[in-house]
Amino acid sequence: MAVAMTRAHPAVAPAAPPALELVGVSKSFRGVGAVRDVSLTLPAGTILSLLGPSGCGKTTTLRIVAGFVAPDTGQVRIGSEDVTDLPPHLRHLGMVFQNYALFPHMTVFENVAFGLRMRNLGAAEIGPAVRAALRLVRMTGLEARYPRELSGGQQQRVALARAIVTRPRVLLLDEPFGALDRQLREEMQIELKQLQRTVGISFVFVTHDQEEALTISDRIAVMRSGVIEQVGTPDEVFEQPRSLFVASFFGTVNVFEGTVSGSDGSAILVAGPLGRWRVPARAPVSGACVVAVRAADVAVRRADRDEADDGDWLSIHGRVENIVYKGTTVLYQIRARDGSLVLAAGEPALRASVPVGAPVSAAWRAARTHVFPR
Amino acid sequence: MATVRPDFASRTRDAAPSRPRGRRTPPAALWLLAPGLGVLGVLFLYPLARVVALGATADPRTLGSPSSALAAVILSPYVWRLTTTTLALACWTTLVALALGYPMAYYLVRSTSRHRYLAFIAVLAPLMVSIVVRTLGWIMVLGTDGLANQLLLALRVVSRPVVWLYTFGATVTGLVHVLLPFMVLSIMAALARIDPQVEESARILGANRWRTFRHVTLPLSAQGVAGGCALVFSLAMGSYVTPALLGGGKVQVLATQIYAQMLEIVDWRTGALLSLYLAGLTLLVLLAYALLLRRAEAYRGG
């Protein structure tokens, strides 16, 4: 059993089999589909996030991988071995829970040593391996403490050490930082990413926090109602959302209804109550559609300094109804001429020149516009 | 009935370090104790004082001192026999209740079945029926013409009725039935505090079901087991109705002898001395038990 923690895993070896594969996995609870036909591939040595709102099936998917839930149909493969019918203790995985789930009756050392003991290793091997794992998560010197004597962040480090000390084939993390406060959470995210590079283990990371998913992941699978809506790199799911759901999951979006009135090669024409827009076509859309623009992509300008729409920019006109202070940004709520509300982000200093009540135009790049079928 | 109930449940391992040591209870909180202490004082301490007073009166026949009278009662071979029977009865009852109660408690806490409420009611049911009625029920089941014998005879498993009634085994059976809810509820309380994900952690770390139980579930529910055992043991030590009815005079324990002394022989003094002896014995066993547990815990906790 390899327990040397500092040796990098040969993650970049060519043609390595995927660390984990789900093939057409479904699971219903009392007739309700919790996970529906989910297929996923986790390349060796990478971090995949399952991202979605609560109840979207991401945790059930993780529990199917762990072996706590048996899928109704489909296959779970770990490193090209079919483990669908294997009980959890034979899958050689690691898992980290949101509430740490440390053994309260064991010391930090005993907690981390548990997985090695269950593999019937001797004390001569267990001691150095446990100390190496604790060094990796910077918990040296606390071996004799009990979990209740540690802070939340410390407990989660111990849980991490306990999970990686056995060098699992895949490490499963179920909202591991959900119980930590924001600053600590962000620190732990960066540390986790570094840890993953050091140990080279593949991670599946469940979260409902889109920022966390963008920070940590090599790939993100966005889930909704038991179905994977989109899988891609953080850039891809953020910049090129394939559905309105994915788009609106990553920050506030403005949604306008319209109708596709035609297309010319790389762009489609959308007619709506606020005008006719020419937007780049990423996927074929026809008929009734929705146009989505992130509030962060919308800039506010004074309408009296009106600039004609060039082909690159789209805009609507209205009046500032409210300004919400957010610290580093402010959120403008603009009432458009047709009565709809448009949200736009700006710098706090903008409030001096564009106050509440000012007539404004809200403009964004056509390239930042997303069109989805309605 | 039970004279001592060491409060194991309140000594939870988790709560202990967070409780500030040496902080004094605010005086207002003491008033919350007053009603309970009042009831205890009237219904327990006063009769106890009366019993002590009774036992301390000089023997009208020999005019010996109270302490020599107590020694004479305790050291008599008959009382020694009663003592071993009482202890054996309480120990067996505790062991059987533990063996039956742990799996039941585990099922009731962990099952997601819709029928588990029925099982829970079945566990609690003995508490809702009078002890006398329940024990008479056992007589109907275990008697020579009882249900069990009729069944065995009809199935030709036995050729003549088995004698169950008025034996030690029948008494243990009856007591287990009566006291099982205390064991189950005590263990349930401990199991319910265990986070299922702690057990799942053990599973994913390579422990099969048995090793998960052995290394995680059992140690984490030990407090409930200890409390349940203490409760059932002390209740069994003082039980009277079940040994009297199911033992039918053939299973003599301290409690039945106290009854006989007081109400049949009308030797209140000896009855009082035996009562004090039983209370002292139960207290002694429970104290030894508590010390043993503390030892084990200190050893485990390092």
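Reader: What distance separates the centres of domain 1 of chain A and domain 2 of chain A?

Author: The centres, taken over C-alpha atoms, are separated by 35 Å; domain 1 covers 20-93 + 168-239 and domain 2 covers 252-373, with bounds that come from an automatic or database domain assignment. This is a predicted model, in which local features need pLDDT of at least 70 and side-chain atom pairs count only at pLDDT 80 or more, while totals for chains, interfaces and linings use all residues. Residues are numbered from 1 along each chain as its sequence is written, and chains are lettered from A and ligands numbered from 1 in the order in which they are written.

Reader: Why is H2(A) called oblique to H3(A)?

Author: The axes of H2 (residues 108-118) and H3 (residues 123-136) of chain A cross at roughly 125° and come within 9 Å. Angles under 35 degrees count as roughly parallel, over 145 as roughly antiparallel, 65 to 115 as roughly perpendicular and the rest as oblique, so H2(A) is oblique to H3(A).

Reader: What makes up the contact of H2(A) with H3(A), by class?

Author: Taking residues as in contact if their C-beta atoms, placed from the backbone, lie within 7 Å, H2(A) contributes A:Phe109, A:Val112, A:Ala113, A:Leu116 and A:Arg117, and H3(A) contributes A:Ile126, A:Ala129, A:Val130, A:Ala133 and A:Leu134. By class there are nine nonpolar, no polar and one charged residues, where Asp, Glu, Lys and Arg count as charged.

Reader: How many residues of chain B are in contact with chain A?

Author: In chain B, 18 residues are in contact with 20 residues of chain A, and the largest share of that side of chain B, seven residues, comes from H8(B).

Definitions and conventions:
Axes are lines fitted to C-alpha atoms, for helices over the stretch in contact, and angles run from 0 to 180 degrees between N-to-C directions. Helices (H or I, at least four residues) and strands (E, at least two) are DSSP runs, numbered from the N terminus. Two residues are in contact if their C-beta atoms, placed from the backbone, lie within 7 Å.
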